[in-house]
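Please walk through the fold of this protein with the sequence and the model side by side.

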Amino acid sequence: MNETTETTERTAFFNGHFIPESELRLAPFDVGVRIGEFVFETVRTYGHRPHRLRDHMVRLYASMKALDIDCGMSIEEMEEATLELIERNRAAIEPYDDLMWNNDASRGIAKPFDPGPYDSYERTVFIVFIPLGASLVDALDGLENGIPVVIPPTRNIPARYLDPKMKNRNRIHYGKGMREAKRVDPRAEAVFLDDDGYLTEGGGANFLIVKDGAVISPQGRNILRGVTREDVRDLAPGLGLEFVEADIEPYDAMTADEAFLASTPFFVMPVTSIDGRPIGDGRPGPVVDSLIDAFAQQVGVHPVEQARKITQRYLDDRPKGSRPY
Ligand SMILES: Cc1ncc(COP(=O)(O)O)c(C=O)c1O
């Protein structure tokens, strides 16, 4: 490894043990691998303090309940392990950077060639850090200039088949739709329609629009009910905005004043066009700006300025073209 790209090895958590990240191993017969039945959370810190950890853990345990997964840890034990891991990894990041991680759980390892319903022995539960810096470097252009959205031919899976309220890793349709969107426009993010032709969400973010002083989210029916979406819901009244849920058609998005994505890594990102048609004047708008400012006040870190700082740092320090981590 090149000296300048060397980083302190992070610690992960796997089935009750704290281990070096490089020792994480997943069994090929893990039910999560066999049928994609992993539930998970993506959580991050702001100013090195976990953001809405309890809300994420409540959602994780709800996802497990919906799939009859017992990870063998109480919610308090999971939180404790997460906090301990943050402590152990604090030294690996710069003061202006933050930590982001996944809490993952599956029902464990199935018997080889188990035809189902995948009785497992040994559960699988792990917590692993993911490089927030790298994701913010990638997000910076969108955060500053807005991103185009393309509605791909691949649609979201209706909740009656695979409920997106359970945050799960069964995401083949998202990967396929994202590739379809990028074929149209390499900068684009995909936002998926449901069976009825209403907009749902992106492959890793909720989608919301702004119209006449209201922030409008798709109904909680066919989407992951995002924690960041809850941040937006909480901030809206203080900014004189109503927060409503409604069925959103592509027409509503095209004729909105503003639109944005909401997700844990970056908070909110302006969407400036949909299928090639500009939203509003085609530039990031004042409501998204005011949400970001209000959020920054609350958590003590401005997510866009943080993304700028991290990007600048890597442009300054890293060999040309190298990835941040
Ligand atoms: C499909 C999907 N929708 C929405 C979100 C946003 O959820 P949150 O705000 O809890 O990060 C995510 C986050 O990864 C996601 O994967």
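In which loop does F29 lie? F29 is found in the loop between strand 2 (17-20) and helix 1 (31-35); helices (H or I, at least four residues) and strands (E, at least two) are DSSP runs, numbered from the N terminus. Residues are numbered from 1 along each chain as its sequence is written. The model is predicted: local features need pLDDT of at least 70, side-chain atom pairs count only at pLDDT 80 or more, and totals for chains, interfaces and linings use all residues.

F29 counts as partly exposed because 17 C-beta neighbours lie inside 10 Å. Here a residue is buried if 20 or more other C-beta atoms lie within 10 Å of its own, exposed if 12 or fewer, and partly exposed in between, with C-beta atoms placed from the backbone. Leaving aside neighbours within four places in sequence, F29 is in contact with R34, I109, A110 and P112; two residues are in contact if their C-beta atoms, placed from the backbone, lie within 7 Å. Along the chain F29 and D293 are 264 residues apart, and their C-alpha atoms are separated by 46 Å.

The protein is divided into domain 1 (9-130) and domain 2 (138-309), with bounds that come from an automatic or database domain assignment. Their C-alpha centres lie 26 Å apart. Across the boundary, 21 residues of domain 1 are in contact with 15 residues of domain 2. On the side of domain 1 that touches domain 2, strand 3 (39-46) and helix 2 (53-66) each supply at least two residues. Strand 3 gives the largest share of that side, 7 residues. By class, that side of domain 1 has 9 nonpolar, 7 polar and 5 charged residues; Ala, Val, Leu, Ile, Met, Phe, Trp, Tyr, Cys and Pro count as nonpolar, Asp, Glu, Lys and Arg as charged, and the others, Gly among them, as polar.

Another phenylalanine, F126, lies in strand 8 (residues 124-130). Why does F126 count as buried? F126 is buried because 24 other C-beta atoms lie within 10 Å. Not counting residues up to four places away in sequence, F126 touches A12, F13, F14, L24 and D104. F126 and N103 are 23 residues apart in sequence, while their C-alpha atoms are 6.0 Å apart in space.

Some backbone details come next. Most residues other than glycine have a negative phi, and most peptide bonds are trans. The loop between strand 6 (109-110) and strand 7 (120-121) holds P117, and a cis peptide bond joins G116 and P117, with omega about 10°. F113 lies in the loop between strand 6 and strand 7, and its phi is near 60°, a positive value in a residue other than glycine. F113 counts as exposed because it has 7 C-beta neighbours inside 10 Å. D275, in the loop between strand 16 (267-274) and strand 17 (277-278), has a positive phi of about 50° although it is not a glycine. With 16 C-beta neighbours inside 10 Å, D275 counts as partly exposed.

Which residues are closest to the ligand? They are L224, G226, V227, T228 and T264, in a shell of 14 residues; a residue is near a molecule if its C-beta atom, placed from the backbone, lies within 6 Å of it. Helix 6 (227-235) and strand 15 (258-263) are the elements that give two or more residues to this shell. The largest share, 3 residues, comes from helix 6. The shell divides into 4 nonpolar, 8 polar and 2 charged residues.

In helix 6, V227, T228, R229, D231, V232 and L235 are buried. The buried residues of helix 6 pack against several elements, including helix 2, strand 12 (206-211), strand 15 and helix 8 (286-299).

Finally, helix 4 (residues 132-145) and helix 9 (residues 303-317) pack at an angle of about 120°, with their axes 8 Å apart. Axes are lines fitted to C-alpha atoms, for helices over the stretch in contact, and angles run from 0 to 180 degrees between N-to-C directions. Among the residues that make the contact are L136, L140 and L143 of helix 4 and V304, I310 and Y314 of helix 9. The residues of this contact divide into 9 nonpolar, 3 polar and 2 charged.
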